[in-house]
Amino acid sequence: MSDPVLEVEDLSVAFDLSRGRSTVVRNVDLDVEREEVLGVVGESGSGKSMVALSMLDAVMEPGRTTGTVTYHPEDGDPVSVLDLDREELRRFRWEEVAMVFQGAMSSFNPVTRIRTHFRETLQDHDYDVEAGMDRADDLLEKLYLDPDRVMGSYPHELSGGMKQRALVALSLVLEPEVLILDEPTAALDLLMQRSIVSLLRDLRDELDLTMLFITHDLPLLTKIADRMAVMYAFDVVEFAPTEAFLEETAHPYTRLLLNTTPDVTAPVSEIQTIPGSKPDPVERIPGCSFHPRCPVATERCESEEPRLVDAGEDHLAACFYVDDARAEIPVRGQGGGETGAEPPLGDADGGGDADGD
Amino acid sequence: MATEPPVVSLDGVSVEFGGSGGLLSGLLGREEEPVRAVDDVTLDIGENDVVALIGESGCGKSTLGKAAIGAQRPTGGTVSYRGQDVWAARDGRGEAEIPFDRIRRSLQIVHQDPGSALNPNQRVLTSLTLPLKKWFPDLSRVEREERVFTLFEHVGMTPAEDFANRYPHQLSGGEQQRVVLVRALLMNPDLVMADEAISALDVSLRVEMMDLMLDLQDVFDTSYLFISHDLANARYLAEKSDGRIAVMYLGQLVEVGPVEEVIADPQHPYTQVLKWATPDLYEDPAERVPVRSVDIPDPRNPPAGCRFHTRCPEAREACRAEDPDPYPVGEGHASRCFRALDDHAYWDSEVLDD
């Protein structure tokens, strides 16, 4: 039943710094299923962008990527991405897996018209340019852009939202199987963010795309993702179909994250902070990396590292105490739970000062 | 009881940038259209008041914020601090009852990027005690430092002496932002304008920072003008402080009102669209984009009539012809839309559907 288009196994990314080895991705296992939208959520520094980059073997020097990334084309043999040579990688990156980054501003050459970007991309990859340009116009129109106007413009003549949509069109012009989007809406306004997500979902349905959508914006992500992956401290701590993610959240961190996310209808008294602060990539926290901030942690969590365990259908969580977390950390918006329960505050000595030095 | 004038009162304030007179355009013989970043805005901010100002980038919200704290001279209208015209005091026009530097000290700012708001080559203690030295020359060095340490303890940066003696790069983003907030509050301000003050912080730190701002509001009796592009955050801060939401679009305030009313029952179509754009975890809004155009018009050339008519899902012919005024739609609640008037010609005019 499982048909992964990208398979990531035991992936780590490390940088050697003067103060020690900084591990920014730690032994991550992750599958992206064909034609799904997998949402990866995490705070800044959780490792989510590095996971995306390593899928294209694009981690910058002096970062070191280890583990395996396997790409399974629709037909043909599996490809080991981290073993590709320069030329193979160049083709793989736009033709099979394309990526849209946060700053569309810097993804375009400022002295080249948008049309030239499309033509050169098609030429460099030996695609039929005329057919490709027709496809490009079509994509731009689907993204609510006027193709004639956009193609004839220089990047600075377009607004941030227009540029970002033009970049989405450019990334799709070679008809890739997979689109990786890393904070594609972060620099944009609310209305544009929501609009782009809505347009992306339409495109996905029309083009049978697979998407890996990475963001810190949890509410936005739940509106596009079929399945969620939560990163904390350089590893994935929970995988769940989006509905189960919202309704049967398993990991204590995810439960606290949902409670700290303000939205416009939740009672303000139910919006709470997560105690403590996030871990440092150089200092390895023994046991579960979330234990210093976790309200249900026990001694076991201080020494033993939890593996991903079953937490429901297609639902995994890296926690020994999923049942306790569900019983003791009420999540607003979820039914059940004792309403009279004390709000989870964790230990005051959780680690607020620990990263201070 | 005589009514005290508000802490800050904006009356018909406009701010224009550019236009004739630019050196480059003069040399090139070009006529630049001026941009009216703020257009005829009237707003009072009282004691212990919280106004959350929201809008898309380029709508003029930062410029309006700067005008409110006397950091941007308006090209039209007046800005008053406790009844004193701020720019009359600045220019020495008439008899200033409150001198300009006292006004500037009473109106403080917290920026989005705390990293660039602090001198990287100075210990934060120096950055914090210098303004105290300037404005409170009677304090001794020990007294100045004590004020800083006390506030550091209050915002949870302990041991205070250790934190105060660090350089900005030795602090996390959340800690830097707390330092900047402390610096503003050390001046005992009546109003703090916080411009996207939490946008750069991690999601899990935003609520904490807003709670801290509200906690300090009680301690210092200050008011906030909280500028944000994020409706969910604006609503959190305003609702916890019983404040107001002000919505800005292309230089104008299109809706101002008590936070519960504006969120639960937004009156202006633009506010309704912003609410759609703010996804709720547990509610599914309509799928379709509810605007006729997703792109904002060029602010140098705003649409005639109602500025929102080119995107508004409710627009009719009347909106193209005439710019609506702010109409009352509740207690302290106004909306700049003809739909607030039962008997307006709007209701009989043609629907726009281009």
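**Domains and chain contact in a predicted model**

View 1. Chain A is assigned domain 1 (4-109 + 161-225) and domain 2 (251-328), the bounds coming from an automatic or database domain assignment. Taken over C-alpha atoms, the centres of domain 1 of chain A and domain 2 of chain A are separated by 25 Å. Residues are numbered from 1 along each chain as its sequence is written, and chains are lettered from A in the order in which they are written. Because the model is predicted, local features need pLDDT of at least 70 and side-chain atom pairs count only at pLDDT 80 or more, whereas totals for chains, interfaces and linings use all residues.

**View 2. The contact of domain 1 with domain 2 in chain A.** Domain 1 of chain A contributes 11 residues and domain 2 of chain A six residues; two residues are in contact if their C-beta atoms, placed from the backbone, lie within 7 Å. On the side of domain 1 that touches domain 2, strand E2 (20-33) and helix H9 (218-222) of chain A each supply at least two residues. Helices (H or I, at least four residues) and strands (E, at least two) are DSSP runs, numbered from the N terminus. E2(A) gives the most to this side, with five residues. By class, this side of domain 1 has four nonpolar, four polar and three charged residues; Ala, Val, Leu, Ile, Met, Phe, Trp, Tyr, Cys and Pro count as nonpolar, Asp, Glu, Lys and Arg as charged, and the others, Gly among them, as polar.

**View 3. The contact of chain B with chain A.** Here 33 residues come from chain B and 34 residues from chain A. Helix H10 (203-220), helix H11 (231-240) and helix H13 (269-277) of chain B each supply at least two residues of the side that touches chain A. The most is given by H11(B), with seven residues.
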